[in-house]
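Here's a quick tour of a protein chain, written for someone new to reading structures. Have a look at the model first, then go through the points below.

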Amino acid sequence: MTGFYIALIFFVTGLVMVGITILISRIIQPRRYYPQKYLTYECGELPQGDAWVRFNNRFYIIALVFLIFEVEIIFLYPWAVVFDSLKIVAFVEMFIFLAILLVGLAYVWAKGDLQWIKPRPKLEYLPKEKGK
């Protein structure tokens, strides 16, 4: 048997095992339907208010910044594993990569996106000219 047949047998066996597990679960599961079962679960509390609440966009900005830097830091691990066999060129490349990360972090910091409570911007109004 070649590798493809072994992979096919493994895949079919996996599908059969998942199917059997789902079938057994459907057979032995209790079926008691009552209205409280279909309520939205909110950490054990009764749901209150509308589900379409507007969240502050800082939640999303901080989450995106975290993900961007976290995924880029993942690239450091394989580099560190083979660091002894790499030459000075790889060290310089990683230094440039980290410098780019630090520039991005400095930009986000300077923009104020890492502050949880931002001050409101001061708007300067220009006086209206007479006759307009």
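What follows is a short briefing, grouped by topic.

This is a predicted model, where local features need pLDDT of at least 70, side-chain atom pairs count only at pLDDT 80 or more, and totals for chains, interfaces and linings use all residues. Residues are numbered from 1 along each chain as its sequence is written, and side-chain values use heavy atoms, with hydrogens and water left out.

**Overall layout**

- The chain has 4 helices and 0 strands, and reads α-α-α-α along the sequence.
- Helices (H or I, at least four residues) and strands (E, at least two) are DSSP runs, numbered from the N terminus.
- Of the 132 residues in the chain, 7% are buried; that label means under 20% relative accessible area, while exposed means over 50% and partly exposed is in between (1.4 Å probe, protein chains only).
- Take the contacts (heavy atoms within 4.5 Å) with a separation of 6 or more: 50% of them link residues 24 or more positions apart.

**How confident is the prediction?**

- The score to know is pLDDT, the predictor's confidence in each residue, from 0 to 100.
- Across the chain the mean pLDDT is 81, and 89% of residues reach 70 or more.
- Confidence is highest in α1, at 93, and lowest in helix α2 (residues 58–74), at a mean of 83.

**The surface**

- Accessible areas come from the Shrake-Rupley method with a 1.4 Å probe; for residues, only the protein chains shown count as cover.
- A nonpolar surface patch covers about 1200 Å², and its members include Tyr5, Phe11, Met17 and Ile28.
- Like charges are joined within 9 Å, nonpolar side chains (Val, Leu, Ile, Met, Phe, Trp, Tyr) within 5 Å.
- Isoleucine 28 sits in helix α1 (residues 3–28) and counts as exposed because its relative accessible area is 64%.

**Residues to find**

- Leucine 76 belongs to helix α3. Setting aside neighbours within four places in sequence, leucine 76 is in contact with Met94 and Leu98.
- From leucine 76 to methionine 94 is 18 residues in sequence and 8.1 Å in space, C-alpha to C-alpha.
- Serine 85 is in the loop between α3 (76–81) and α4 (88–111), and is exposed at 53% relative accessible area.
- Tryptophan 116 comes in the segment after α4 and is partly exposed, at 45% relative accessibility.
- Not counting residues up to four places away in sequence, tryptophan 116 touches Arg58, Phe59 and Ile62. Tryptophan 116 and arginine 58 are 58 residues apart in sequence, yet 7.3 Å apart in space, C-alpha to C-alpha.

Terms used:
Patches are made of residues with over 30% relative accessible area and no salt bridge: like charges are joined within 9 Å, nonpolar side chains (Val, Leu, Ile, Met, Phe, Trp, Tyr) within 5 Å. A salt bridge is a side-chain nitrogen of Lys or Arg within 4 Å of a carboxyl oxygen of Asp or Glu.
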